[in-house]
Amino acid sequence: MSETRHNWTKEEILAIYNKPMMELLYEAATVHRKNHDPNTVQVSTLLSIKTGGCPEDCGYCPQAARYHTDIEGNDLMTVSHVKAQALRAKASGSSRVCMGAAWRNVKDGPEFDQVLEMVRTINKLDMEVCCTLGMLTENQAKRLAEAGLYAYNHNLDTSEDYYKDVISTRAFEDRLETIDNVRKSNVTVCSGGIIGMGERLEDRAGMLVALASLNPQPESVPINALVAVEGTPMAEMEPVSIWDMIRMVATTRIVIPETQVRLSAGRTEMSREGQAMCFFAGANSIFAGDKLLTTPNPDVNEDMELFQLLGLQPQKPFTKISQPATVEAEDSKLHPLGEKPRWSRPGHTIERNELAKENSKLQQ
Ligand code: SF4
C-alpha cells in the first residue's frame, strides 16, 4: 500500500497535475495497482428519491427551485418503489444504491423516517446503501448508521476559495461539518467535486488538498465533469476536455491512494477510449443507469459491453475499499467458506488480521 499523506500542498498537487501525460499516467497507474485490483470497478446506481424544488442556489444544479429548468419535480418516493428500483439495479450488476434527495438539510420527521426505512430495506437486499440528503446533524448520521447506511455522499464541489462563486446559500465549512458528523457515526464518506465550472487549476488542486487532508480520507471520491443545463447560471460553460478529466482522475488517485475514484456526471460525453484511459489512470467506480439524478448517463448495457471489452469485473458489495489483486487472491484462499471476506459492512466489520487469525485456527 502507498503511504497516505494528509499534508499535500496546492503547489505539489499542481506539479503532479501538470506532469507530462505519460509520466502522470504511469505514476497514477502504479499507485492504483499498489492499492487496488486494477481489473475491478465498483458499480453504483444513483436514484433520485425526491427531485427538484431545492431552496439552495448551487450554480450547476437544475434542481434548485430558483432556476428555470425543465426538471419535473417529484415528492419523496415510496419505500416499495425504491425497493423495486434497487432490485433492478442489483440484477444489472450494481453493488450500491445511492439515494439522492434535493434537500438543503435533513429534517427529523415522517420523511426522514421514510428514508430510514428505505435504508433498512436496501440493506436487507445485501447491497451497499448510500444517501445524499444535504446537511446532517450528528444524531441524524447515527440514526442512518443504525438503519444500516454504508456511505454518505457530501461533495466539497470545488476549492474553498471558489466555493462562494458557485453557491451562496451555504459555506464550505458547512460541508466539512456534515462530513465530520458522518465520520462520527462510522458511516463511510463519499466526497468529491465537479470540474468545468469556470474554476482555475489552482481550485482543482485546492479541492484535492481539502479532500486529502481529511483524516481518514474519504472512501470514495466522485469526479464529475459539469453537465451544463439550460436555465442554470452555468448553462454556457464550455465542456470539460477529456484530457482534463484524465489529469484530474490521475491526480486524485495519487494524492488519495486508497479511495475509490468514481467517474460520475459527464460520462455520456466521454468516448470508450476516454473512459478506458480514466480507468487506467485510477478510476475504479462508476455510476450506472440511464440517469444521474436528472442528467443523462450511459446505458447499463453499454457499460457492460465496455467492461467486457476491457476485461473489467464489477466489484462485489461490502468488499474492502482498497484491495490489491494479489492480496485479494490470498484472502480468498484463506477464507474457510471460499467466499470473499466482507470487510466493512456496517455492524459486520471483520478486521483483516482477525480474519487471518480465525482462519489459521480453523486450519489447525
Ligand atoms: S446540488 Fe443539492 S443542494 Fe444544491 S441545489 Fe441541487 S439539490 Fe439543492
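Mentor: Gladly, and keep in mind that this is a predicted model. Take helix α9, residues 242-255: at 1.5 Å a residue its 14 residues should span 20 Å, and because its end C-alpha atoms are 20 Å apart, the model agrees with that expectation.

Trainee: Is α9 mostly covered or mostly open?

Mentor: The helix α9 is mostly covered, with 11 of its 14 residues buried. Among the buried ones are Met245, Ile246, Met248, Val249 and Ile254, and the list also includes Arg247 and Arg253.

Trainee: And what is Val249 in contact with?

Mentor: Leaving aside neighbours within four places in sequence, Val249 is in contact with Ile223, Val261, Cys278, Ala281, Gly282 and Ala283. Val249 is also listed with Tyr152 and Leu226 as having the most contacts inside the largest nonpolar core, which has 95 residues. As a general point, nonpolar side chains in soluble globular proteins tend to be buried together.

Trainee: Switching topic, which residues are around the ligand?

Mentor: Those residues are Cys54, Glu56, Cys58, Cys61, Gln63, Ala64, Ala102 and Gly134. By class, that shell has 5 nonpolar, 2 polar and 1 charged residues.

Trainee: How many helices and strands are there in the protein?

Mentor: The protein has 13 helices and 12 strands, and 48% of its 364 residues count as buried.

Trainee: Where does pLDDT stay under 50?

Mentor: That is residues 321-364, for which the model has 47 contacts beyond four places in sequence. For the protein, the average pLDDT is 86, and 84% of the residues score at least 70.

Conventions
Residues are numbered from 1 along each chain as its sequence is written. This is a predicted model: local features need pLDDT of at least 70, side-chain atom pairs count only at pLDDT 80 or more; totals for chains, interfaces and linings use all residues. A residue is near a molecule or strand if its C-beta atom, placed from the backbone, lies within 6 Å of it. Ala, Val, Leu, Ile, Met, Phe, Trp, Tyr, Cys and Pro count as nonpolar, Asp, Glu, Lys and Arg as charged, and the others, Gly among them, as polar. pLDDT is the predictor's confidence in each residue, from 0 to 100. Two residues are in contact if their C-beta atoms, placed from the backbone, lie within 7 Å. Helices (H or I, at least four residues) and strands (E, at least two) are DSSP runs, numbered from the N terminus. The expected span of a helix is 1.5 Å times one less than its number of residues. A residue is buried if 20 or more other C-beta atoms lie within 10 Å of its own, exposed if 12 or fewer, and partly exposed in between; C-beta atoms are placed from the backbone. A nonpolar core is a set of buried Ala, Val, Leu, Ile, Met, Phe, Trp, Tyr and Cys residues joined through C-beta atoms within 7 Å.
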